[in-house]
Amino acid sequence: MHKRLRLRNRADFSRVYRHGKSFANHQFVVYWFSRKEVERFRLGVSVSKKVGNAVVRNRMRRLVKEIIRHHEPEIAGGLDMVFIVRKGALSMDYAELEKSALHVLRKAKLLKASRK
């Protein structure tokens, strides 16, 4: 993902947590906050220390970013999103993680097809 498409600073994360909406399943929690002034979405990924050590957390962060990158055209624009990875995601392979991430996005109505 491009740097300009990432949530980088604490204030952006806090705004999404404080004013945004959320949806969750056993593997992920997604928070989102609508921003009408921009066309693209921005993504932040959060993985708690409870999930694992730094190697595990960074691997999960990379996997989530890759899943979102592959499905970027399907995701609605004008959003700030924060993905929180839960412990349940550790035992899953890439295909299962992708299915779970798309499920949480679909249920949250963040995919273009489900926005209609």
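Ala24 has Val29 of strand 2 as its bridge partner. In this predicted model, strand 1 and strand 2 are paired in the antiparallel sense through four bridges. The two strands make a hairpin, with three residues between them. The points below go from the sheet to the helices, then to the core and the aromatic rings.

- Four strands make up an open sheet in the order 1-2-4-3, and their pairing is mixed.
- Strand 1 (21–24) and strand 3 are at the edges with a single partner strand each, so one side of each has no neighbour in the sheet.
- From one strand to the next, the twist averages 20°.
- Strand 2 and strand 4 run antiparallel and are joined by seven bridges.
- In this second pairing, Val30 is opposite Phe83 of strand 4.

**Helices 2 and 3 against the sheet**

- Helix 2 lies across strand 2, strand 3 and strand 4, and runs at about 155° to strand 3.
- Helix 3 also packs on the sheet, where it touches strand 1, strand 2 and strand 4.
- The direction of helix 3 makes about 40° with that of strand 2.
- Ser100 belongs to helix 3.
- Ser100 has a relative accessible area of 7%, which is under the 20% limit, so this residue counts as buried.
- Leaving out residues up to four places away in sequence, Ser100 touches Asn25, Gln27, Phe28 and Met92.

**The nonpolar core**

- In soluble globular proteins, nonpolar side chains tend to be buried together.
- The largest nonpolar core here has 28 residues, of which Val30, Met81, Phe83 and Leu105 touch the most other members.
- At least two residues of this core come from each of strand 2 (28–34), strand 3 (42–47), helix 2 (54–70), strand 4 (79–85) and helix 3 (94–107).
- Helix 2 gives the most to the core, namely five residues.
- Val30 has contacts with Lys21, Ser22, Phe23, Met81, Val82, Phe83, Val104, Leu105, Ala108 and Leu110, when residues up to four places away in sequence are not counted.
- Those contacts of Val30 include Met81, Phe83 and Leu105, the residues named beside Val30 as touching the most other core members.

- The buried residues in helix 1 are Asp12, Phe13 and Val16.
- Viewed down the axis of helix 1, these buried residues fall within an arc of 100°, so they line one face of the helix.
- Strand 2, strand 3 and strand 4 are among the parts that cover the buried residues of helix 1.
- Arg10 and Arg18 are exposed and sit on the face of helix 1 that is turned away from its buried side.

**The aromatic rings**

- Three aromatic pairs are found in a search of the whole structure.
- Phe13 and Tyr17 are both in helix 1 (residues 10–19), four residues apart, which is about one turn of the helix.
- Phe13 has 17% relative accessibility and therefore counts as buried.
- Tyr17 has 33% relative accessibility and therefore counts as partly exposed.
- Tyr17 also pairs with Tyr31, and this pair is edge-to-face, at 5.1 Å centre to centre with 90° between the planes.
- Because Tyr17 is in helix 1 and Tyr31 is in strand 2, this pair ties together parts that are 14 residues apart in sequence.
- Tyr31 has a relative accessible area of 22%, so Tyr31 is partly exposed.
- Phe13, Tyr17 and Tyr31 together form one aromatic cluster.

Notes: Residues numbered from 1 in each chain as written. Predicted model: local features only at pLDDT ≥ 70, side-chain atom pairs only at ≥ 80, totals over all residues. Heavy atoms only, no water. Core = buried A, V, L, I, M, F, W, Y, C linked by side-chain atoms within 4.5 Å. Buried < 20%, exposed > 50% of the residue type's maximum accessible area, 1.4 Å probe, protein only. Contact = heavy atoms within 4.5 Å. Pairing = 2+ DSSP bridges. Axes fitted to C-alpha atoms, helices over the stretch in contact; angles between N-to-C directions. Phe/Tyr/Trp six-rings, centres within 6.5 Å; stacked < 30°, edge-to-face > 60°. Arc of directions from axis to C-beta.
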